[in-house]
Protein chains: 2
Amino acid sequence: MEIDDPRPVLYLEDLTAGQTWESATLTVSADEIIAFARDYDPQPFHLDDAAARDSFFGGLAASGWHTAAMTMRLQVDGGPRIAGGQIGAGGRIDWARPTRPGDILHVTCEIIEVRISRSRPDRGLVTMLTTTHNQADEVVQTITATLVVPRGPGGGT
Amino acid sequence: MEIDDPRPVLYLEDLTAGQTWESATLTVSADEIIAFARDYDPQPFHLDDAAARDSFFGGLAASGWHTAAMTMRLQVDGGPRIAGGQIGAGGRIDWARPTRPGDILHVTCEIIEVRISRSRPDRGLVTMLTTTHNQADEVVQTITATLVVPRGPGGGT
């Protein structure tokens, strides 16, 4: 599945605070906003533009969880290619503004902190800030997440 | 859209710390895990059981963002029916264990804090803890989120 991926595989030793990645872009359609909302967040302002006009959002807006999911897609495809995969233990998520139909999203990832696990010295915990921007380069979402990252073949020995 | 909803509509004044709600249940299928992952988190351990066996997860596991999305669905349908909708500004999310094919999820919502907005006295900020459990009543995910909630027709006057 990753045969053609040109990105180097990264272990804990390869990550340092300050490293950044920038993703490709993704265009958000009203149909996708509505389809996601039907399955996962069926509230009027995520389902129908007319209903959304009278809401907090003032027009159709993507579910925040849809923005998070699209962010993950951009991050998987264009963020760090971590050995064993991008595996999050949790994090802090904030929605600065809604994602709208027609928005063109991209994400930047920045390593904030790298530390070896105390309980499992064969792995580490990496704090990464993922910022999702729209086409006006406005921030729509930030996630500060903790990723579980293995040490390299020579690590921990 | 909400015509047949028997739940009372809640304003800021109706919410107090300690109130709880319990959702219905939702059964997770392997097909849904894979379909979500194809769109939003295409990593081998979310796409293919055989590939997942050799991964951190040891078997097919839902994307954490899929767990978050399913949690939102249960919360919209069975959590507090807040005037104007459940509108989150952000929060803290933690995945305690993976969601697996066949898992039967339900969520509990608990109000943690209620406060009036300083900048917008017509609304308040409510901290709610949403815990997602599986059929063994193990916690798979917790979210502590800040919701934007309007004051009632008589509020703020």
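Two strands pair if DSSP finds at least two bridges between them, and strands (E, at least two residues) are DSSP runs, like helices (H or I, at least four), numbered from the N terminus. This is a predicted model, where local features need pLDDT of at least 70, side-chain atom pairs count only at pLDDT 80 or more, and totals for chains, interfaces and linings use all residues. Residues are numbered from 1 along each chain as its sequence is written, chains are lettered from A and ligands numbered from 1 in the order in which they are written, and side-chain values use heavy atoms, leaving out hydrogens and water.

Q: Which residue of β4(A) is the bridge partner of I111(A)?
A: Strand β3 (residues 104-116) of chain A runs antiparallel to β4(A), joined by 10 bridges. The two form a hairpin with six residues between them. Within β4(A), I111(A) is bridged to M128(A).

Q: Is β4(A) largely enclosed or largely open?
A: Buried means under 20% relative accessible area, exposed over 50%, and partly exposed in between (1.4 Å probe, protein chains only). Nine of the 11 residues of strand β4 (residues 123-133) of chain A are buried, so the rest of the structure leaves β4(A) largely enclosed.

Q: How many disulfides are there over all chains?
A: A disulfide is a pair of cysteine sulfur atoms within 2.5 Å. C109(A) is buried at 2% relative accessible area, and C109(B) is buried with 2% too. By the distance rule, the count of disulfides over all chains is zero.
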